[in-house]
Amino acid sequence: MSEPIGPVDASTSPRYAGIATFARLPRIEDVPTVDIAVVGVPFDSGVSYRPGARFGPSHVRESSRLLRPYNPAQDVSPFALAQIVDAGDIPVNPFDITEAVDEIGRAVDALHERAQRVITIGGDHTIALPLLRSAAKRHGPVAVLHFDAHLDTWDTYFGAPVTHGTPFRRASEEGLIDLTASCHVGTRGPLYSKQDLLDDERLGFSIVSSEYIEESGVAAAIDRMRGRLGDKPVYVSIDIDVLDPAHAPGTGTPEAGGMTSRELLRMLRALSDLNVVGADVVEVAPAYDHAQMTGVAASHVMYELMSLLSAQVSR
């Protein structure tokens, strides 16, 4: 097996020069084999409030230029352990949600014919539904670890069953998720009624709220999260609005009282010995960002995911 092709060397080419692939990684067209693929989905037709996440993939890529090859927190060099590539963007219909969801599913299924793991940059959270459909085809019902300010298990918006606020209800109804092992982390803020929580529990989720993290600490939250996930195959879905707007202002539905980026990264590192089968990072809306704060946070979230996945696929 040949050595992985890594990022462009920042000592010979300035970080601000060249094609803005994620972390300056090679394109999928430039490598013979793939272990982990990063793919963008520039789609935000499912949003209920502020649009703009269709520009998230390019913003996160641009914000990732400063990432370096060695991750001291996980003691791993992800780009040396696995062949990680940027697979570009999936072009989807911005006018037809049903068609877009089908296009995403087909494209990710095809990408998995080359790559063991896929990390997706959104786009709005609607895209989690086709990504979970694809994951369930290979692994059966997965334990969904969902970092978000919101539950995203509502039924419909304006009568539409597939939006960025409904993907996990549809996934539960379709049998894509493990009802005994799925978990929201970082939820907070007002709901429509207490029935939202009752519905959410029935759909298969437990909750580690932002308030719980504040009151009990990150270590206790990690224990509760890991206890729920068990040894199941885990799909990680991260809405960047899980972070407080002070850390991630560039998102469509911000809520006060959120996690810090440091807390989120620490919780992701706690997954290193679990079977993480896929992940997405969504809802980065650069029009509302400032000084790339949200883009940088999202790029570091993806880097932690790459680090733990590279160690897993190289075992």
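Me: What volume does the largest cavity have?
Reply: The model is predicted, with pLDDT of at least 70 needed for local features and 80 or more for side-chain atom pairs, while totals for chains, interfaces and linings use all residues. Residues are numbered from 1 along each chain, and side-chain values use heavy atoms, without hydrogens or water. The structure holds 1 cavity of 30 Å³ or more (points on a 1 Å grid over the protein atoms alone where a 1.4 Å probe fits but cannot get out; volume is the space filled by the probe spheres). The volume of the largest cavity is about 60 Å³.

Me: Which elements give two or more residues to the lining of the largest cavity?
Reply: The lining (an atom within 4 Å of a point) consists of Val108, His112, Val118, Thr120, Leu131, Ala135, Arg138, Tyr235, Val277, Gly278 and Ala279. By class, 7 of these are nonpolar, 3 polar, with Gly among the polar, and 1 charged. Elements are DSSP runs (helices H or I, at least four residues; strands E, at least two). Those giving two or more residues are S3, helix H4 (128-139) and S8.

Me: Which residue in S2 stands opposite alanine 37?
Reply: Strand S1 covers residues 36-41 and pairs with S2 in the parallel sense over 4 bridges. Opposite alanine 37, S2 places valine 85.

Technical notes:
Pairing = 2+ DSSP bridges. 1 Å grid on protein atoms, 1.4 Å probe; cavity = no way out; pocket = protein on both sides within 12 Å on 5 of 7 lines; lining within 4 Å.
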